[in-house]
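Please read these notes with the model open beside you. They are written for someone new to protein structures.

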Amino acid sequence: MPNLPVIIKGTKVALTPQQRENVPTYWKWICDPEVNVGLTDAGACMSIKNEYEWYDNNVAKAIGSSVNFDIHEVSGMRLVGDCSLFDIEHAAGTAELGLIIGEKDCWNRGYATETVALLARYPFDVLGLNNVILHVYDFNERAIAAYRKAGFREVSRRRAVRHGALVVQEVIMDIVPGETAGLMDCRTHCST
Ligand SMILES: CC(C)(COP(=O)(O)OP(=O)(O)OC[C@H]1O[C@@H](n2cnc3c(N)ncnc32)[C@H](O)[C@@H]1OP(=O)(O)O)[C@@H](O)C(=O)NCCC(=O)NCCS
């Protein structure tokens, strides 16, 4: 993986374009119950064949509607997660953000916080968008803490949402230019 272009780099994580060869790793993560319990498409542990189809139909064909990155530890460049901006609507100036830190030994090291802070700058500084939204379940306190620290604010809650056997609240958070945690200036550190 040494020749992969680093699109955005922080002090803890570096973001590179997603790779088809990493599909088995993405699949391993989303099929881990401790990881997928917090995902809004939980239960979507598909077959590896379906995961490749998802990659080919969404990530590989994403022209303008999404950007998809692998998350590596800066130290050693181990692949530890993935993240994306999707539903990019240039006319409305909006996008949605999602991420997974799939390697559980990396939780609580600030990787999600830095990833979100860096990734949230990209649509503003590089794509010229005005608002990024995300959806997170209320029980996913680790994720909510990371999103808040990165600059996202809660804007509303959707109540009584079914999530497997649970009925939960879906927290909706968003961010606008100027609210991202000041980790780095994408104009000088990001490439398109
Ligand atoms: C949720 C997730 C992205 C968080 O990643 P992470 O790298 O561990 O997050 P960070 O270390 O940047 O921040 C987590 C913060 O939550 C805090 N935290 C941990 N457990 C917590 C809890 N039970 N309640 C409140 N805060 C908690 C940590 O202390 C940390 O804050 P700190 O830096 O001030 O100490 C990661 O666990 C993950 O990918 N989970 C599975 C997929 C998922 O849920 N994705 C999000 C879908 S919306």
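Predicted model: local features only at pLDDT ≥ 70, side-chain atom pairs only at ≥ 80, totals over all residues.

1. Overall make-up. The protein chain contains six helices and eight strands. Followed along the sequence, these elements come in the order β-β-α-α-α-β-β-β-α-β-α-β-β-α.

2. Size. The C-alpha trace of the protein chain spans about 45 × 35 × 35 Å along its principal axes.

3. How to describe a helix pair. Two packed helices are described by the angle between their axes and by the distance between the axes. The next points do this for two pairs.

4. Helices α1 and α3. Helix α1 covers residues 23-30 and helix α3 covers residues 48-59; their axes come within 10 Å and cross at roughly 115 degrees. This crossing is right-handed. On the α1 side the contact is made by V23, P24, Y26 and W27, and on the α3 side by I48, E51, Y52 and Y55. Sorted by class, the residues of this contact are seven nonpolar, no polar and one charged.

5. Helices α4 and α5. Helix α4 (residues 111-125) and helix α5 (residues 141-150) have axes that come within 8 Å and cross at roughly 45 degrees.

6. Residues between α4 and α5. From α4 the contact uses A112, T113, V116, A117 and A120, and from α5 it uses A143, A146, Y147, K149 and A150. The classes here are eight nonpolar, one polar and one charged.

7. The ligand shell. How many residues surround the ligand? There are 20, and the closest are G38, A112, T113, E141 and A145. The shell divides into twelve nonpolar, five polar and three charged residues.

8. Where the shell comes from. Strand β5 (94-101), α4 and α5 each give at least two residues to the shell around the ligand. The largest share, five residues, is from α5. A112 and T113 of α4 also belong to the contact with α5, and both are among the closest residues to the ligand.

Note on methods:
Residues numbered from 1 in each chain as written. Axes fitted to C-alpha atoms, helices over the stretch in contact; angles between N-to-C directions. Helix = DSSP H or I, 4+ residues; strand = E, 2+ residues; numbered from the N terminus. Contact = placed C-beta atoms within 7 Å. Nonpolar A, V, L, I, M, F, W, Y, C, P; charged D, E, K, R; others polar. Near = placed C-beta within 6 Å. Left-handed = near helix turned anticlockwise from the far one by under 90°.
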